Amino acid sequence: MNIRILDSWLREYLKTDAKPDEMASLLSLSGPSVEKLEPFGKDYAYDIEVTTNRIDSASVIGIAREAAVILKQHGYQAKFLPLKKIKHVFKAKTKLRLTVEDNSKLSRRILAVVMDQVRVDRSPQYVRDRLEQAGIRSQSNLIDVTNYVMLEVGHPCHVFDYDKIKTGKLVLRQAQDKENLVTLDGLNHALYKDDVVIDDGTGRVIDLPGIMGGQNSMVADDTKRIIFFIEMINPFIIRKTSMKHGIRTLAASYNENEPDVQTAELAFNRGISLFVQLAKAKIASPIIDINRTVAKSKLISIDLSDFATYMNLDISVAKVTSILKALGFNLKAKSKQTLTFSIPAYREKDINLKQDLIEEVARIYGYNNLGTNLPPFVFHSDPYLRNLTERFNKEKVIKEFLASLGFFELYNYSMISESLNQLFATKTKPIRMLNPMSQDLVCFRQTLLASLARAAVINSQQPRLKLFELAHVYLPRPKQLPLERPTLSLLSSNDYFELKGVLDSLFQMGHLTKLISYQSGTKQAYFDPKLSATIYLDNLYLGEIGVLNKSIAFKLGLKSVPAIAELDFGLLAKYFQFLTSIKAQSNQAPIVEDLTYQFDNKNHWQQITTLIKRKFKAVEKIELLDRYQQFYTMRIYSYTKDNKSILSLINQFLTKQLSLKIKTVKDGKNK
Amino acid sequence: MANQIIREIQQAKSLDDLEVLKTKFLGKKGYFNQQLQKLKSVSDPIQKKNLGLNINNQKQEVIRALNSQIQAVLRQKEPVTDPTLPGTKISIGAIHPITRTINEITEIFAKIGFYRVSYPEIEYEYFSFDSLNMPPSHPARDEFESFTVDGEASSTFGKMVLSPHTSSGQVREMWRMKGKPVRMINIARCFRRNWDVTHTPMFHQFEGLCIDRNINITHLKGAINHFAKEYFGYDVQIRLRPYHFQFTEPSFEIDTTCTICQGTQKTKSGKCRVCKSGWLELGGAGMVHPNVLKAGKINSQKYTGWAFGFGVERVYMMKHQLFDLRKLFSGQLDIYQ
């Protein structure tokens, strides 16, 4: 949480020769961060971030206490001027009735008093300035006192109109179903069973303690008598109630971080003094103090060597004790290396381990004053990391390769909308968000193609769009976390064969060509069944390529149908090789011959060429030379013993075995 | 004859024509070789010698003529195009800024012996919270604004959540290393319920984790200082400010001097608008909390460690200005223009 306090206010509790900007930068380095320092007339305002564990320093007094230690460490004169402990007593002749009940022990401490003859007025200018600079609207002096005390001492407090309560009774209890409270701000809240409320003994709810008061008991311009009240409810209940009702007051922020009971008492006494001073109020009842906490001194022991371990520094006992003493930690026992310190009440919740004491010493000593060393180098053999590193390296190279071919890399959200998920549905049910932020981010992707297709719509004015993404798809598995499979997906608004060419060149680059095979058709409905293929690597499923299903393209509003492909990147990376063995080349020139056949809608290139290679060992490779309508021309490279052509044998084989119609055969050299 | 050949060569207009003439006169089966063949039939050695010399002289003349004509043709053909015209357009794509930044981070830490790992994005709450000293009732968990998913809960590790930070990998890595020294960089997608100009519900973090005997605060400073200088530049300074995190003790926030005004708070156009008093927040760090080491089955009496978690987008935005973070994941190509 942030607090904003004026320099003049701070200096009521801190005597120092440090200037505001010096104080701001030193506080940031060793204590709470001063995020802004801004002039206010002749004064300055500090905007300070206080971490949730240090609610003790979320006040003028708390900052003054910290600043005194820090400034002194940096050579400034600095002295903390604590608030004088005053014990207010009831001395008047007539006593106004006040009873407080907390039978369920909901509050660890309660402090209450009635004050009479209050004069409602505007607060003096300095009070109004201090509050308004802190972001709190100045109201009447009565309300201002409660806010002033909270900021100055660090504990929220509340003021009721005694006469509006009528019964002189405050009962802390849990709310019941169907109870309501209209809070100070005029909003009506239906209460929950675990909310803690105060009623006036008649069952009428008058307050949400620690969070916000009720309208029916609030002070006004005609208020004559008040109850000044502090309670300390369980911080979890405060947080829960404040969140559920959406009442995020500064008081709630303090209370949910559990300020200590001694600070509460300090705030209470300071509040009474201020009511006397600013509203001429008189104590009109005995002071009620219900304290369920037991004062006990918390002790923590630490070895001097622990400081050395964490700070890489030989620090003397004297230095450690002087820093800790300044912060309120007293040395209680000392034996050889072990030091035992008592923890001040306002730090009891925060300080639990020796590491906490190390932090106190190290920050005051100054992190800047500690050395800067690289961690010692270590290495151990780790096959898991070797594989992972190799995958990351291949990822890098493949991305560069695709980018140089004109593809733009996208990072899309891992989640897509229900409707997009429906268009790109797979057989398995996707993982869904239980608390989505937007209807666009609900289903975890089982294919990245959904996002790429969406991006194609977004960028549809772009000619020749080429996109890729490498990310996880999320595949549910029983009784374990989903499989997060690294996946590479591509989309191109150019034709299918160009995209297939991109994949082929990627496979060539990784020396995979001989292991890759295609089979016409895919299992996924988002591919056009007429022009799509499943890709295998070493007979393992690698992925799919095809044209986007036309009806999906239409539903998305895509004018042209893009080509898409998706690969299991883990498998690809596993086989992908940057280098391969360099074989001795045959001195003999290959026989190069061309054969043109007519595609019969049955025998695919993949099968035909596989069969040829299986049957004729002399065949080294087969390339697609040309295609015209359904006539495909293959160029066959072969090495035969006597340099004799085997084209007629191949021709015969294809005609007889596959009943292919062969159009022409010829010596490829003549082309 | 030679004169006639030379004239023919001098009339040639192109290199192709000259190539044909070269074959015709000087080739294997060309005019001069034929003439030399004929010499075989001459029996008088003196006549043979003279004839031979004569043929050779003529051949040299022809070669000279051919070469000078080649030069003449080349001179004629010299380009008259403007060499400053734009080149033929070749369309290239681009690598996403996040990939580039992740690669840079990985390499910077590899130099000092840190290896990159990858841990689940959909994670059990045990690893995202409980093991990091945040038991189920702890209010610090609320601050993470985390997402939950409909995956099957584990009886040991609790519900499935979207990992709100890369710290979820800390205890997993401690388990994997089984007591061996850890030098981890974990880079992953993270998810939180924030969506504005500087926040997206999905973002990336990189997490450093170093565990060994005698690891101390100076090693954390050293590693982060190394990163800051390698990534931002050698004029950048870092500072540690006390902070509070559940999973580290002591805890810090790390700042670097502002990369825009170099910490001076002044730019050419006036007061620096990017930084707070000359410093920019890099992210959180600290010494690993003993309870986290315990969850990682590491003896906190023997071993200490540090950890930090910084945003990939954050460091990218600190180094290169980016007016709207949401652009990075919008699917729009305008980030590449």
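This dialogue goes through several features of a predicted model.

Reader: What should I know about numbering and cut-offs in this predicted model?

Author: Residues are numbered from 1 along each chain as its sequence is written, and chains are lettered from A and ligands numbered from 1 in the order in which they are written. Local features need pLDDT of at least 70 and side-chain atom pairs count only at pLDDT 80 or more, while totals for chains, interfaces and linings use all residues; side-chain values use heavy atoms, with hydrogens and water left out.

Reader: How many helices and strands are there in chain A, and how spread out is the chain?

Author: Helices (H or I, at least four residues) and strands (E, at least two) are DSSP runs, numbered from the N terminus. Chain A has 20 helices and 33 strands. The radius of gyration is taken over C-alpha atoms, and the globule rule is 2.2 Å times the number of residues to the power 0.38. For the 671 residues of chain A the rule gives 26 Å, but the radius of gyration is 39 Å, well over that value, so the chain is more spread out than a compact globule. Its C-alpha atoms fill a box of roughly 130 × 65 × 50 Å along the principal axes.

Reader: What share of chain A is buried?

Author: Buried means under 20% relative accessible area, exposed over 50%, and partly exposed in between (1.4 Å probe, protein chains only). Buried residues make up 54% of the 671 in chain A.

Reader: Which residues touch the most other members of the largest nonpolar core?

Author: In soluble globular proteins, nonpolar side chains tend to be buried together. A nonpolar core is a set of buried Ala, Val, Leu, Ile, Met, Phe, Trp, Tyr and Cys residues joined through side-chain atoms within 4.5 Å. Here the largest core has 178 residues, and Met311(A), Phe206(B) and Phe308(B) touch the most other members. Leaving aside residues up to four places away in sequence, Met311(A) touches residues of chain A, including Val361(A) and Leu370(A), and of chain B, including Ile217(B); contact means heavy atoms within 4.5 Å.

Reader: How many aromatic pairs does the structure hold?

Author: Rings of Phe, Tyr and Trp (its six-membered ring) pair if their centres lie within 6.5 Å; planes under 30 degrees apart count as stacked, over 60 as edge-to-face and the rest as tilted. The structure holds 40 such pairs over all chains. Tyr367(A) and Phe252(B) are edge-to-face because their planes stand at 85 degrees, with the ring centres 4.6 Å apart. This pair crosses between chains, from the loop between α12 and α13 of chain A to strand β7 of chain B, and both residues are buried. Tyr243(B) and Phe245(B) form a tilted pair, at 5.2 Å and 45 degrees.

Reader: Which charged residue lies over the face of Phe392(A)?

Author: A charge sits over a ring if NZ of Lys or CZ of Arg is within 6 Å of the ring centre and within 35 degrees of the ring normal. Arg116(B) lies over Phe392(A), at 3.7 Å from the ring centre. Within chain A, Lys500(A) lies over Tyr518(A), also at 3.7 Å.

Reader: What backbone features stand out at Lys336(A) and Pro250(B)?

Author: Lys336(A) is not a glycine, and its phi is positive, near 50 degrees. Lys336(A) is in the loop between β19 and β20 of chain A and is exposed at 81% relative accessible area. The peptide bond from Glu249(B) to Pro250(B) is cis, with omega near -5 degrees, and Pro250(B) lies in strand β7 of chain B.
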